[in-house]
Each structure stands twice: as C-alpha cells, then as structure tokens.
Amino acid sequence: MKIFTLLFTLAFTAFSVAPEVATVNTADSTITWTAKKVTGQHYGKVPITSATLDYQNNRIRGGNFEMDMTSLTVEDLTDAGMNKKLTDHLKSDDFFSVEKHNKSTFKITEAKTSNGKDYQLTGDLTIKNITKPVTFPATVNVTGGKITATGKLTFDRTHYDIKFRSGSYFENLADKLIYDDVELDVKLVASE
C-alpha cells in the first residue's frame, strides 16, 4: 500500500508542475499600433498595464498582457491639435469605445516552436469585450536572465465591431477608406 501511495504521489507531482511565471517589466515592454488608410497610415502606442510569460525548460508555454486603451497615443502627428483630434476619435465609439471598454487583453492558448526561439503563437484577443482567436509569429531571445519576446500581431478590426470607414461595410469611400487590418508590434521584456 505504501508503494502505491508513493507512486501515486510521484505521478501526481510530475503532472502538476506549473510553468514558471516570468515577471514582465511593463516599463520596458511596448505595444506599437499601426493602422493604414488609402492616403497613408498612423501609428502610436498602447501602454501595457500588466503581463506575464509562462516560461519553463527554455520554452514559452503561455502568457498574457493587458492594454490600457484610455492611454492610447498617436505618435506620428506632431501638430498638437491634429494629434488630439485623432486620439479622441480613436477613443470614441467609432473605434475603441474606451469609456465603456477601457482594457483590451491577449492570452496565449498555444505556443509552437521547434527551437525555443521562433514561435507561432495562438491566443485570444479581446477588444471591446469581443474575443477572437489570432495567430502570429514571434521571436524569443534570452540573454543574462532577461527574456525578450517580440511579434507582430495583425487583427481585423471589423471582427471587434470597429467598422468606421471600412470597405467591408461601406461603399464609395474612395480616399476616405481605412483598411480593416491593424498591426500591433508587441515587445515583452521579462526576467527569469
């Protein structure tokens, strides 16, 4: 009976080892958004309020990050008035409705890699309380106990009820058209 109990305990322990959660430094981590239209593009930042990376045996197993949509910025417009106008419009109900939905999140559901450096990440992206799966390539570098994960996540904004000047929903927009795909360049910096 003691041998059975010992074997059960060892087996249970082997299957219940949790991934190590790496501490993400939100000050060093960044998310840069880019949105394109017929006549050009705009870009800016979305601050990361919290993030984790589940890292075990030199592999990312999971993780998540949360974005503060109320602090979204526009970086490409230097004219203060134009910058404020676009920033306010992005925060309005035409786009991200930040008064109602002040946070957006991403949670990794699958991390595929053959070498521990190049990944295909799949996860749930939640914007405006709508969750959809997205898959994107990412790269992980580990130097001196510091983990740096970078990737370009592209999502279709219309899947999150952001249809303003979308060619998928409106006709004859000509040079007023805004493309549906939005890019997020994500950089997470964590310590082992």
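Buried means under 20% relative accessible area, exposed means over 50%, and partly exposed is what falls in between (1.4 Å probe, protein chains only). The model here is a predicted one: local features need pLDDT of at least 70, side-chain atom pairs count only at pLDDT 80 or more, and totals for chains, interfaces and linings use all residues. Residues are numbered from 1 along each chain as its sequence is written, and side-chain values use heavy atoms, with hydrogens and water left out.

- A quick word on terms: helices (H or I, at least four residues) and strands (E, at least two) are DSSP runs, numbered from the N terminus, and two strands pair if DSSP finds at least two bridges between them.
- β1 (residues 20-24) pairs with β4 (residues 48-56) in the antiparallel sense, over four bridges; T23 has T52 in β4 as its bridge partner.
- β4 also runs antiparallel to β5 (residues 59-68), with eight bridges joining them, and here Y55 is partnered by I60 in β5.
- β4 and β5 make a hairpin with two residues between them, and N57 in the turn has a positive phi of about 50 degrees.

**Strands that meet β10**

- β1 turns up again here, joined to β10 by two bridges and running antiparallel to it, with V24 opposite A190 in β10.
- β2 (residues 30-37) pairs with β10 in the antiparallel sense over seven bridges, and the bridge partner of T32 is D185.
- β9 and β10 are antiparallel too, over eleven bridges; L153 stands opposite L184 in β10.

**Salt bridges**

- Seven salt bridges are found in the structure, counting a side-chain nitrogen of Lys or Arg within 4 Å of a carboxyl oxygen of Asp or Glu.
- One of them joins the side chains of K36 and E183 at 3.8 Å, N to O; this pair links distant parts of the chain, with K36 in strand β2 and E183 in strand β10, 147 residues apart.
- K36 is partly exposed, with a relative accessible area of 34%.
- E183 also meets K152 in a salt bridge, at 3.6 Å, N to O, and that pair links K152 in strand β9 with E183 in strand β10, 31 residues apart.
- The side chains of K163 and D161 form another salt bridge, at 3.7 Å, N to O; K163 counts as partly exposed at 29% relative accessibility.
- Through shared partners, salt bridges join K36, K152, E183 and D185 into one network.

**Around D161**

- D161 is found in the loop between β9 (146-156) and β10 (178-191), and is partly exposed at 42% relative accessible area.
- Leaving aside neighbours within four places in sequence, D161 is in contact (heavy atoms within 4.5 Å) with K128 and I130.

**Aromatic rings**

- Rings of Phe, Tyr and Trp (its six-membered ring) pair if their centres lie within 6.5 Å; planes under 30 degrees apart count as stacked, over 60 as edge-to-face and the rest as tilted.
- The count by this rule is three aromatic pairs.
- F65 and F106 form a tilted pair, 5.5 Å centre to centre with 35 degrees between the planes.
- F65 lies in strand β5 and F106 in strand β6 (residues 103-113), so the pair ties together parts 41 residues apart in sequence.
- Both F65 and F106 are buried, and together with F136 they form one aromatic cluster.
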